[in-house]
Amino acid sequence: MANERYDLEVLMERLIEADSGDSSTFAGARRMVTLALDYLGCATATQAFDMLYADWRGLPEASAIQGMRAGQILVLLPTLRFGGLGHTGKEAGLLRAAREYGLADEQWQRAVFMVGSLAGFGVGSDDLAGMERASTSLAQVRASVPMDAEEARVFDLADVEIRLRMSQIGGGADEIATALHDMERMRQEFPVGTEIRSVLEIEIATFKGNQAVRARDETALAEQIGRLAAELSGLPADHRERVAAESNLEFLELSLSDFRGRSTGQPFPPDSTRSTVQEVRAQVAQLPVEERAAALGAVGILRASRASAVGDADALREAMRLLEDAMEPLAPDDGLRLRCASTLGMAHASLGYMAAAEGRDPLPHVDRGISLLRDSWERMGGPAHPLWGNTGAGLAEAYRMRGDVLGWDGHAGRRDHAEARRVGLDASRAAAWDALLQSGTADAAEAGRRGSAKAVELARWCLADGALEDALPALDSARALVLHAATVAVSVPDMLDDVKAPGLADRWRQAATSAPAPAPGADPLGPSTGPTSRLRREVLGALTDSPYERRLFHVPCADDIGEALRNMERTALAYLLPGVGGEAGAAVIVTVDGRTGSMPLPGLHVDAAELGGEGTGGGLRRDIWGRLAGGPPGADATPADTPPAAQSVHGVDAEELDRLCEWAGREVMAPLLDAVTRFGGREPSLVLVPMGMLGAVPWHAARLPSGRYACQEAEVSYMPSARLLCEVAGRRPTGVRRAVVVGDPTGDLEHAGAEARAIHRAFYPEGTLLGTATATPATVAGRVARQGGGVLHLACHGTVEAGRRHSSYLELSGGRLPAEELTEGASRLRDLELVVLAACRTNVSGHGYDEAYSLSTAFLVAGARSVVGSLWPVPDDATSLLMYMTHHYLNREELTPGAALRRAQLWMLDPGRQAPPGMPKEMVARVGRIKADDLIGWAGFTHLGW
């Protein structure tokens, strides 16, 4: 048929008539393509589009007929896409013409917009900005659609699909959760057994399965695998979604087998792939070009990852060929191509590792891997790209290996080792970006967890190379990122105002103050509060390349740390790094004058029996370790299966705690104190940053070979990270001496009530005393705000509930004060000189050791200069004495909070201790009953900050 004789209106009518409901299968889609090409008289879809576009350009400019034809071409695009048409870059112009000059009929405009807005990006595209525009425009048009109109569901589905794709690219966990919630709600609108319902079920199961993989939740993962497999079994054999669904199911099944197999020492099962490489190629050959590339890339990435993990070189080469096929039709900067190239580079590096293990030359593969990874990493542009961190880490590992092969003694080897450190440090910024992007504490903690292992490995490289100046930022780069993100969030509006982005600043302020409280019975891990990930992404983009970029990503150097130590009159900061496998533990030390050193600590190892490791059974048992580290909810009671001889208060085994402290003194604190000299005649004053599980060890209570405790030789404080140390060191005192004292708000802690009354009467008579029924969360916050600083003392119940929306909280009158409210809220308890948390486990993290996110650290982020918290369930009677004496030394001898807590602990250790004048009689009666060798009564309390 001659070009001038075609009528697109007629063609669309014929396509509608020919649609028998099977257009989602390969056979049905091919039939529609053939009909369209035959009608247009073209051999290929690309030829057909070029003809249609050229004819459209020949129509009168800005005429109604040109607008009408543009809309018709857009509606025809999905059929031409399946026929092999790629993205042309001309879709936006067609959509603009259809909107401006086409029919004024709203329904026609909406139909054209629906197709056109989704035509601007492809299956593998990472054009996040384009998707943001499409989503915004879609919402605007959707507002004109009547709620009961059939097309409303089409718009809503399109919006959800765009948001899910954006969440994959942008990295916001709250976006995935919200979009999945909307998709599950919409799924109910379609009858069971219908194709669209089945496709939605598959998408939901896939995304939820991936969430379970990230959370390492075997139960949830198994549930989603069953759900996905059931829906897949009912999908037609030639359905267009089948290849992707099978690949996703394969990934989830392998992940579950990996989790279950780690306990047996065989992480991966035998290869159970569903189809051969030849079968995969045959299946995807029928897909449009971009869908074909996406399918080949997904299968190639999955199989390359698995083959690398199990060391199967043949399977790895097959997967690499799939990746190369996927990359061939894609532009160099295409998002899918970058993902495939990154994986291909890592696959080449893996082949290099395998060759080296077999005594063959690894350099050809390693060189090729470095080339691919380097090109991909540079094209990704920075931490905003979701793969930038992983690709940079892979590139650093490849450089490291090449340096090992070339040899440390040679210039080339040293150069590659140095480049590995440089790239690794640069790539570590991605962990901070990821944490800053998340709108909820749990999501930010998960982001930090993903980055912490890489940061520790990088630090070990630095120590091995003697590059201590690089070890410091490596150790700190992925620590306490939740706390860093929360600290940054407070100053975001001011930063935006300063970079001339007042609109963004206003939106941030509004989002920070209008977030709804979680509904009763809501998901324990959600909803997130405050600014969404989409807003955060926009804000991060505005602040990157501004003077505030340093504030976002800077990790302190030795000079920064030295200055903070001088401000706080501390002697040194020491990171404690546990050994893993064949690697020994170490301490990395920064002194007050900015000097850096390190010392090996061979006994500081994760497998140490005293840490519940794989050593002898006489160490700190894993169940007790769990209690000291936060343990399960309700760990305050003594477990029923604990032998009577081993029982002590609150279920903590005194004998095993004693062994832990003896080990800590022998293996760590004795050599560390020997290495730290006195400055200015003062006793050493150490700030410890314990890495990983070491955060649950009471290092100040370490028993030295001399028989004395570490706190008797030095003042010991703790910090989650050097970054937060520098932040807190900059806070100036307010000079306020008043206090808000809370005691026994729930009416079941007799000694806590007496403690609070005694502390209030003796030391803060002009302050506020709140007790049972009066110490509500709102009242406490209000009184602290009106006071304008000073002291907050809380003698109450503290609870840690790992894996919950509120990971830790204090029980007050008629409500709780969660850590998350201190770090996520817009109004915080600023300018407090000291917060004393005389409650159980208030310095224990419910979000993982390296996040160090606890009630104590949350109060630091909320504005306090100094915090006293606890590591385990504390005994009520001993705690009340320890807390009274802490305030005694703070006020009567005007010691700093850390020094006051230390003096109170030394008083507890003194068998000849005497009650100071003014101590209440009922407390005095208990002074002589305290046992000096009872670690549980005093060692659980720690100091953070000034």
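Predicted model: local features only at pLDDT ≥ 70, side-chain atom pairs only at ≥ 80, totals over all residues.

1. Three strands form an open sheet in the order E9-E10-E11, with antiparallel pairing. Strands E9 (797–800) and E11 (815–818) stand at the edges with a single partner strand each, so one side of each is left without a neighbour in the sheet. From one strand to the next the twist averages 30 degrees.

2. Between E9 and strand E10 (residues 808–812) there are 4 bridges, and Val-800 has Ser-808 in E10 as its bridge partner. Helix H35 (residues 855–862) packs on this sheet, where it touches E10 and E11, and its direction makes about 90 degrees with that of E10.

3. Strands E2 (residues 585–591) and E3 (residues 596–601) run antiparallel and are joined by 6 bridges, with Gly-585 opposite Leu-601. The two strands form a hairpin with 4 residues between them, and Gly-594 in the turn has a positive phi of about 85 degrees.

4. Phe-49 and Tyr-53 both lie in helix H3 (residues 45–57), 4 residues apart, and both are buried. Their ring centres are 5.9 Å apart and their planes stand at 20 degrees, so the pair is stacked. Ring pairs link these two residues and Trp-56 into a cluster.

5. Trp-663 and Trp-699 form a tilted pair, 6.0 Å centre to centre with 45 degrees between the planes. Trp-663 lies in helix H29 (residues 654–675) and Trp-699 in the loop between strand E4 (685–690) and helix H30 (710–713), so the pair ties together parts that are 36 residues apart in sequence. Trp-663 is buried at 2% relative accessible area, and Trp-699 is buried at 0%.

How values were computed:
Residues numbered from 1 in each chain as written. Heavy atoms only, no water. Pairing = 2+ DSSP bridges. Axes fitted to C-alpha atoms, helices over the stretch in contact; angles between N-to-C directions. Contact = heavy atoms within 4.5 Å. Phe/Tyr/Trp six-rings, centres within 6.5 Å; stacked < 30°, edge-to-face > 60°. Buried < 20%, exposed > 50% of the residue type's maximum accessible area, 1.4 Å probe, protein only.
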